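Colleague: I would like to learn how to read the contacts around a ligand. Please take me through one case.

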Amino acid sequence: MSTAHRGTIFLEEARILSQLAYDAEQFVIRLAAPKCAAHAQPGSFAHLTCDVTIPMRRPLSIMRADATAGWIEILYKIVGAGLHALAAKKAGDRVSVLGPIGKPFTVHRQRPRALLLGGGVGIPPMVFLAERLKEDRSYKPLVLMGSEVPFPFRTRPSATVIAGMPAGTLACMPLLEEWGVPSRLASRADFAGCYSGFVTELAAEWLGSLGPKELAEVEICACGPTPMLRATAQLARKFSVPCQVSLEEFMACAVGGCAGCTVEVRTPDGPAMKRVCVDGPVFDAYAVF
Ligand SMILES: Cc1cc2nc3c(=O)[nH]c(=O)nc-3n(C[C@H](O)[C@H](O)[C@H](O)COP(=O)(O)OP(=O)(O)OC[C@H]3O[C@@H](n4cnc5c(N)ncnc54)[C@H](O)[C@@H]3O)c2cc1C
Ligand code: FES
């Protein structure tokens, strides 16, 4: 590991505390990784060894971190061999965790209406950010999530009224509701209580319902597939609100050493190549799209 990250990124042999399976090959794994848990921030990810037979680690966002109990939680969806092997592991097994890695989301007090958009496996950092924001009553977060496969939690109609939500858009994430953080769900798969469309379209409806004074308090944070992030950046431009996006890129080392994850970013000095693993994964949307 590069010396620049000594003391901020930790290597731990983590015991699996639980592994829950959801529809569409989605899993939530809880790992005992006290150092990673103590330093993780919303937007951080962990680089996991899925099995001894698979040398390349896989980057996965941290969805929750309990510094006191010393665990982190990760939501993942199987794509190929690595995550397939991880899904076969049971409570009590061990996996190597390198983390926490990356520049997290930064919310600003002058923009208390944090609009958090999560799409598919981009949902985890938004849950983490919502959990942190609920601790500070000056923020008024709203979480909107989109998925084309069943959500990796049991949805239910919300008991909270959200001004500006289209009629019938009632389904929420119960965990967020318990925390007092309003949420709504979007899908084109016709799930009960969900907005019928993309999560960015739902966000556009809500943003369109706000007056200039309220819009001046909005900041968007988003994570999800690239087309969703591009649409989010367009939305932010349309409503003139700041926007941060968490990017996904193929990764090898994940600690800044191989330059395998670079993307072009606009800077005041012109275009520059940035590493998604350590310069990101969170970037200013206007600099990327
Ligand atoms: C910062 C970051 C956070 C992520 N967070 C999550 C998350 O919370 N949940 C989740 O399910 N997925 C997440 N991903 C995507 C996840 O890393 C890939 O889907 C996963 O590596 C695929 O591994 P596999 O073994 O199932 O697939 P394979 O196809 O066998 O993977 C082959 C190789 O490609 C790489 N790879 C494949 N797809 C991606 C991708 N989209 N991004 C980066 N590398 C990829 C793998 O690391 C591996 O080296 C994240 C990616 C990044 C970069
Ligand atoms: S993956 Fe090696 S520099 Fe980012």
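Colleague: Which backbone atom of Val-79 lies 3.2 Å from ligand 1, and from what kind of ligand atom?

Modeller: A polar contact is a pair of N or O atoms within 3.5 Å; within protein, one must be able to donate a hydrogen and the other to accept it, and residues adjacent in sequence count only if both atoms are side-chain atoms. Here, a backbone N or O atom of Val-79 lies 3.2 Å from an oxygen atom of ligand 1. Glu-248 uses a polar side-chain atom, 2.7 Å from a nitrogen atom of ligand 1.

Colleague: What are the ground rules?

Modeller: The model is predicted: local features need pLDDT of at least 70, side-chain atom pairs count only at pLDDT 80 or more, and totals for chains, interfaces and linings use all residues. Residues are numbered from 1 along each chain as its sequence is written, chains are lettered from A and ligands numbered from 1 in the order written, and side-chain values use heavy atoms, without hydrogens and water.

Colleague: How many residues surround ligand 1?

Modeller: A residue is near a molecule if one of its heavy atoms lies within 4 Å of it. By that rule 21 residues surround ligand 1, with Arg-58 and Pro-59 among the closest.

Colleague: How many salt bridges are found in the whole structure?

Modeller: Side chains of opposite charge can pair when their charged atoms come close. A salt bridge is a side-chain nitrogen of Lys or Arg within 4 Å of a carboxyl oxygen of Asp or Glu. The search finds 7. One of them joins Arg-30 to Glu-73, with the closest N and O atoms 2.8 Å apart.
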